[in-house]
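User: I'm new to this one. Could you walk me through how to read its salt bridges and its surface?

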Amino acid sequence: HFGLPVHPAQFETMLPLNAGQGPALPQQTGQWQPWLDAKRRVAVLVGGDSRSHRLDPDDARRLARESSAWAKQLGARLLVVTSRRTAPALGALREGLTEDDLLYAWQPDDQNNNPYALALEHAEAVVVTGESESMLADVASRGRPLLIWPLQTRRPNPWQRLSASIADRATRPRYNRRGSVRPQQGLGYLCARLLERGLILPPRQTELMHGELIKSGRAARFGDALPTPADSLDELTPIVREVIGHLQLDAASRRDAPQTGGQSHVSSR
């Protein structure tokens with residue numbers, strides 16, 4: 001969904017390689033004990049404003065109100081966990097909740113009380129705002145039923161519009177009169193080189209990421225039936241194996257290469 005050009009040394013993943021990582025469980029759980037003691041527990045993980053998305057007060061209020069109604073429909077207790085980016089819409093979010101719902105207002109360096117890890121560990125289902133790849137990965141890597149709440153996209157600024165135009169010029173095929181794809185040249189070639197070297201990045205398309213999660217059976221859009229993921233998402237292990245395989249092949253090719261008498265210098269990280 002980042003639209004990067006294909007490269008032989010590039011591995012594509014659906015989500016960040018969190019693989020079950022995340023913060024440790026809070027040292028103090030007393031404030032969240034009513035949620036932990038409930039027969040059924042659901043959670044909402046809220047991101048917020050970013051360069052490409054925004055959470056305005058009306059949307060925050062609607063997210064809280066509809067999530068609260070959804071939890072009651074399931075007969076579950078709701079825990080809402082906010083993040084650093086939620087701050088501008090925190091008041092509106094609080095207005096949409098009921099007295100039975102629990103809300104955590106994010107604070108810096110609050111490892112003792114932040115219930116984010118509790119939500120990942122104990123919620124039967126989790127709603128996540130769709131702009132946060134990391135939160136989506138945290139839930140998917142634990143095999144929890146995941147519902148996506150998409151945030152509004154911001155109107156692109158002039159630089160983002162220029163980047164999108166360059167990326168389109170670099171990737172859209174050009175055809176000659178016979179209908180064959182024409183080799184890149186001129187402005188198209190220049191745009192492709194800017195994209196290839198990372199000097200220009202195409203716009204992020206989170207809806208493509210959402211579509212892959214839904215197609216895989218790990219997620220659904222909020223309002224649809226809860227998905228039933230068959231297992232947790234682990235993209236890290238196969239990529240580690242791929243990398244090790246490439247390193248072993250590279251080492252074997254160096255051993256088999258004819259010696260020319262010169263010195264060889266190999267650095268690794």
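This is a predicted model: local features need pLDDT of at least 70, side-chain atom pairs count only at pLDDT 80 or more; totals for chains, interfaces and linings use all residues.

User: How many salt bridges does the structure hold?

Analyst: The idea is to look for a side-chain nitrogen of Lys or Arg within 4 Å of a carboxyl oxygen of Asp or Glu. There are ten salt bridges here. One of them pairs arginine 54 with aspartate 56, at 3.3 Å from N to O.

User: Is aspartate 56 buried or exposed?

Analyst: Buried means under 20% relative accessible area. Aspartate 56 has 18%, so it's buried, while arginine 54 is partly exposed at 31%.

User: What about pairs within a helix?

Analyst: Check the spacing along the chain. Aspartate 58 and arginine 61 sit three residues apart in helix 2 (residues 57–74), so about one helical turn separates them. Their side chains meet in a salt bridge of 3.1 Å, N to O. Aspartate 58 is exposed at 56%, and arginine 61 is partly exposed at 24%.

Glutamate 66 and arginine 62 are four residues apart in helix 2, again about one helical turn. Their closest N and O atoms are 3.7 Å apart.

User: Which residues are joined into one network?

Analyst: Asp58, Arg61 and Glu95, through salt bridges that share partners.

User: And which residues make the nonpolar surface patch?

Analyst: Phe2, Leu4 and Leu201 make that patch, which covers about 290 Å². Phenylalanine 2 lies in the segment before helix 1 (33–37), and its 41% relative accessibility makes it partly exposed.

Terms used
Residues are numbered from 1 along each chain as its sequence is written. Side-chain values use heavy atoms; hydrogens and water are left out. Patches are made of residues with over 30% relative accessible area and no salt bridge: like charges are joined within 9 Å, nonpolar side chains (Val, Leu, Ile, Met, Phe, Trp, Tyr) within 5 Å. Accessible areas come from the Shrake-Rupley method with a 1.4 Å probe; for residues, only the protein chains shown count as cover. Helices (H or I, at least four residues) and strands (E, at least two) are DSSP runs, numbered from the N terminus. Buried means under 20% relative accessible area, exposed over 50%, partly exposed in between (1.4 Å probe, protein chains only).
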